[in-house]
Amino acid sequence: MTARRGQVQASTTDQRLLGTRSPASFVHSDPWRVLRIQSEFVEGFGLLADLPPAVTVFGSARVGRDEPDYELGRRLGAALAQAGYAVITGGGPGAMEAVNRGARDAGGLSVGLGIELPFEQALNDWVDLGVSFRYFFVRKTMFVKYAEAFVIMPGGFGTLDELFEALTLLQTGKVTRFPVVLMGTSYWAGLLDWLRTTVLDAARIRPGDLDLVTLTDDVDEAVQVILRGTGRLEPPAGQETGEQAASGGADGAGGGAGAGRPVPTDPS
């Protein structure tokens with residue numbers, strides 16, 4: 001750092017450190033926050049370092065236990081556990097709880113990565129291994145670092161944020177061989193249609209970018225896409241993987257998502 005003229009402090013760093021009358025507000029300063037951020041990374045890395053192969057599932061916290069999406073989440077969590085994957089969710093209620101519950105009921109490892117919010121939200125009762133974070137960006141790192149694939153269930157702003165972050169990482173080649181599956185054709189059809197007819201038509205994305213995601217209502221298909229996309233299952237004869245399609249598709253998009261079946265031309 002360089003400080004000149006009026007930016008030079010009269011006291012030294014040692015003097016300020018050892019001063020007995022330093023205000024308690026220093027713990028809220030940006031340099032102190034760096035240490036908190038560091039501690040969150042260290043804690044998350046330490047907790048999750050020994051995870052088996054895992055899939056991160058996103059979805060709305062506002063899903064009631066009597067809704068179809070909750071039952072879908074339970075079936076998805078169970079199917080992923082039976083395929084040998086741990087599941088990672090945001091650890092909250094709704095769709096996240098459903099996936100954790102399904103995985104745990106099927107004998108799989110259920111992981112929850114919570115976040116500090118203005119309103120109270122504890123980790124759900126079906127989390128076997130959990131941690132809560134202060135910072136969204138630290139939590140997002142854990143979602144990506146310790147997963148081999150993403151499944152996106154119907155959700156709101158938070159789910160959309162996580163979806164587009166995953167697609168951006170794929171599009172820019174920050175992650176490779178990383179399937180992204182959208183569960184719920186009727187829910188996501190309008191968004192995909194807008195991407196195709198507005199964003200793609202305006203040349204803001206490449207045609208191959210839409211191949212980074214697979215759209216389905218079928219839990220078994222979602223698991224098969226993940227298994228093939230992560231190299232754990234050979235594709236049927238004559239069917240190329242999403243990674244092959246992405247590497248050979250239009251404009252060379254994205255470094256390969258491993259998404260098995262591209263989004264259909266007419267998602268409705």
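Reader: Is Lys140 buried or exposed?

Author: Bear in mind that this is a predicted model, and that buried means under 20% relative accessible area. Since Lys140 has a relative accessibility of 18%, Lys140 counts as buried.

Reader: Which side chain meets Lys140 in a salt bridge, and which parts of the chain does the pair tie together?

Author: The side chains of Lys140 and Glu165 meet with 3.0 Å from N to O. Lys140 lies in helix H5 (residues 136–145) and Glu165 in helix H6, so the pair ties together parts that are 25 residues apart in sequence. Glu165 is partly exposed, at 31% relative accessibility, and a network of salt bridges links Lys140, Asp161 and Glu165. The partner asked for is therefore Glu165, and the parts are helix H5 and helix H6.

Reader: What is the relative accessible area of Glu97, which forms a salt bridge with Arg65?

Author: In this salt bridge the closest N and O atoms of Glu97 and Arg65 are 2.8 Å apart. The pair links distant parts of the chain, with Glu97 in helix H4 (residues 95–105) and Arg65 in the loop between E1 and helix H3 (68–82). Arg65 counts as exposed at 55% relative accessibility, whereas Glu97 is buried, with a relative accessible area of 6%.

Reader: How far away is the nearest side chain of opposite charge from Glu40?

Author: Glu40 is found in helix H2 (residues 30–48), and Glu40 is buried yet has no salt bridge. Beyond its neighbours within four places in sequence, Glu40 is in contact with residues including Phe133, Tyr135 and Arg134. The nearest side chain of opposite charge is that of Arg134, at 4.0 Å.

Reader: Which residue in E6 stands opposite Val151?

Author: Strand E5 (residues 149–152) has Ala149 and Val151 pointing one way and Phe150 and Ile152 the other. E5 and strand E6 (residues 180–183) pair in the parallel sense over three bridges, and the residue opposite Val151 is Val181.

Methods. Residues are numbered from 1 along each chain as its sequence is written. This is a predicted model: local features need pLDDT of at least 70, side-chain atom pairs count only at pLDDT 80 or more; totals for chains, interfaces and linings use all residues. Side-chain values use heavy atoms; hydrogens and water are left out. Helices (H or I, at least four residues) and strands (E, at least two) are DSSP runs, numbered from the N terminus. Buried means under 20% relative accessible area, exposed over 50%, partly exposed in between (1.4 Å probe, protein chains only). Lys and Arg count as positive and Asp and Glu as negative; His and the chain ends are not counted. Contact means heavy atoms within 4.5 Å. Two strands pair if DSSP finds at least two bridges between them.
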